[in-house]
Amino acid sequence: MGSSLLSTFQLGDIELRNRMIMAPMTRNRAGEGEAPTDLNAMYYRQRAGAGLIITEASQVAPEGIGYPATPGIHSPEQVMGWQKITRAVHEEGGRIFIQLWFCGRISHPSLLPDNATPVAPSAIRPAGQAFTTSGMQDFVTPRALTIAEINSIVDQYRHAAHMASEAGFDGVEVHAANGYLIDQFLRDGSNQRDDEYGGSVENRMRFLNQVLDAVLEVWPSQRVGIRLTPENSFNDMSDSNPTDHFLYFIAQLNNRNLAYLHMLEGDMGGADRALDYRVFRDAFNGPYIANNGYTQESGEQSLANGDADLIAYGIPYLANPDLVERFRSGAGLNEPNFDRLYGGGPDGYTDYPTLG
Ligand code: PHB
């Protein structure tokens with residue numbers, strides 16, 4: 001029997017060469033104006049063997065940034081930078097979606113235009129610290145968004161969706177996970193609004209629905225994926241009833257004929273799961289991408305069980321540009337250099353050895 005990870009997959013009108021998705025990973029190596037560089041293009045070109053690359057999270061507006069040197073997808077310079085990346089990946093026969101991001105309360109005034117206070121659904125300060133250009137600093141209490149401001153952020157997503165199209169991407173992933181702005185609305189630990197954006201699941205999903213409406217004005221639904229994290233506590237997130245609440249969100253997403261549902265299962269960086277993800281997978285009416293701590297063996301097992309259609313690998317792709325060939329041949333894997341995860345130059349970024 002051949003390997004399922006290495007078999008093709010029909011994602012809407014796109015045929016993926018294999019089922020090994022490259023997960024989005026923040027690397028903090030954007031250039032001036034938060035525009036992608038030639039070095040970034042080399043990094044993605046090296047990894048184009050993935051069935052689909054999902055880029056590092058990319059802010060849809062200057063106000064959406066939350067870390068130093070993350071790329072944007074809102075200015076002409078950024079579009080020109082991303083064009084180098086999409087061209088490089090397509091030259092290698094690969095496919096690439098960009099992840100659309102707005103950090104919200106996971107930011108810091110020193111990173112924001114005019115030293116603005118970070119924004120969120122509610123003025124609830126997350127425990128923990130922000131990565132800033134002058135080291136780690138405590139998160140501040142965010143300012144609750146007005147309804148007019150929520151609507152203008154939706155416009156920023158629409159603009160970014162247009163920019164992603166100009167940049168030559170095959171599609172976009174709406175980042176509704178990991179404690180960033182959309183997730184801050186979805187989960188009730190961070191959303192305590194008493195207007196039409198808070199309280200019921202319907203209200204907490206309103207912002208995401210508006211964002212999807214805007215993005216779907218630009219992109220066909222089969223070129224739009226979504227990432228969710230019912231359980232991830234990263235960025236001080238919590239929810240009082242994740243299974244029921246996310247089953248509601250998924251039922252609503254089923255009306256939209258999206259390209260895929262991409263789940264970071266469990267808590268970021270670990271293999272443990274408190275929730276039963278088969279329930280979410282079965283509730284969604286399209287392809288399901290499982291992510292978080294998968295090995296070749298557990299990925300194959302998950303596909304064989306029907307627990308997922310596609311497996312997203314993060315750290316393994318970071319350290320192994322030719323991960324597909326390594327799985328095919330049974331070769332060992334390079335170890336990631338975690339000291340070079342965030343920021344810096346080519347070392348620990350584009351200098352991981354390939355086979356042969
Ligand atoms: C991070 O920078 O650590 C990070 C960014 C985006 C995510 C998760 C983690 O979705």
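**Group meeting talk: helices, cores and buried residues**

Let's begin with Asp 183. It is buried, with a relative accessible area of 0%. Keep in mind that we are looking at a predicted model. Asp 183 sits in helix H4, which covers residues 181–186. What does Asp 183 touch, leaving out residues up to four places away in sequence? The list is Ala 176, Ala 177, Asn 178, Ser 190, Thr 229, Met 237 and Phe 246.

Is Gln 184 buried or exposed? It is buried, because its relative accessible area is 0%, and the cut-off for buried is under 20%. Now its contacts, again skipping residues up to four places away in sequence. Gln 184 touches Cys 103, Gly 104, Arg 105 and Ile 106, among others. Its contacts also include Val 119, Ala 120 and Pro 121. Gly 179, Ser 190, Asn 191 and Met 237 are on the list as well. Look back at Asp 183 for a moment: Ser 190 and Met 237 are among its contacts too. One distance to note here. Gln 184 and Asn 235 are 51 residues apart along the chain, and their C-alpha atoms are separated by 9.8 Å.

Find H3, residues 147–166. Then find H6, residues 206–218. The axes of H3 and H6 come within 8 Å and cross at roughly 30°. How do we describe that angle? Angles under 35 degrees count as roughly parallel, so H3 is roughly parallel to H6. The crossing of H3 past H6 is right-handed.

Which residues make this contact? From H3 come Ile 150, Asn 151, Ile 153, Val 154, Tyr 157, Arg 158, Ala 161 and His 162. From H6 come Phe 207, Gln 210, Val 211, Ala 214, Val 215, Glu 217 and Val 218. Sort the residues of this contact by type: ten are nonpolar, three are polar and two are charged.

Now the second pair. H1 is residues 38–46, and H2 is residues 76–91. They pack at an angle of about 25°, and their axes are 8 Å apart. H1 and H2 are therefore roughly parallel to each other. H1 also passes H2 in a right-handed crossing. On the H1 side, the contact uses Asp 38, Asn 40, Ala 41, Tyr 44 and Arg 45. On the H2 side, they meet Trp 82, Lys 84, Ile 85, Ala 88, Val 89 and Glu 91. By type, this contact has six nonpolar residues, one polar and four charged.

On to the cores. How many residues are in the largest nonpolar core? It has 80. Tyr 157, Phe 207, Val 215 and Leu 228 touch the most other members. Which helix gives the most to this core? Helix H3 does, with eight residues. Take Val 215 as an example. Beyond four places in sequence, Val 215 touches Leu 100, Tyr 157, Ala 161, Val 172, Val 174 and Val 224. Another core lies apart from the largest one. That other core has 14 residues, among them Leu 11, Leu 16, Tyr 260 and Ile 289.

Met 263 is in strand E12, residues 260–264. Met 263 counts as buried, because its relative accessibility is 0%.

Phe 249 is in helix H7. Phe 249 is buried as well, at 0% relative accessible area. Not counting residues up to four places away in sequence, Phe 249 touches Leu 186, Val 201, Arg 204 and Met 205.

Last stop, the loops. Glu 34 is in the loop between strand E3 and H1. Glu 34 is not a glycine, although it has a positive phi of about 55°. With a relative accessible area of 30%, Glu 34 is partly exposed. Asn 257 is in the loop between helix H7 and E12. What is the phi of Asn 257? It is positive, about 55°, and Asn 257 is not a glycine. Asn 257 is partly exposed, with a relative accessible area of 47%.

Notes:
Residues numbered from 1 in each chain as written. Predicted model: local features only at pLDDT ≥ 70, side-chain atom pairs only at ≥ 80, totals over all residues. Heavy atoms only, no water. Axes fitted to C-alpha atoms, helices over the stretch in contact; angles between N-to-C directions. Helix = DSSP H or I, 4+ residues; strand = E, 2+ residues; numbered from the N terminus. Parallel < 35°, antiparallel > 145°, perpendicular 65-115°, else oblique. Left-handed = near helix turned anticlockwise from the far one by under 90°. Contact = heavy atoms within 4.5 Å. Nonpolar A, V, L, I, M, F, W, Y, C, P; charged D, E, K, R; others polar. Core = buried A, V, L, I, M, F, W, Y, C linked by side-chain atoms within 4.5 Å. Buried < 20%, exposed > 50% of the residue type's maximum accessible area, 1.4 Å probe, protein only.
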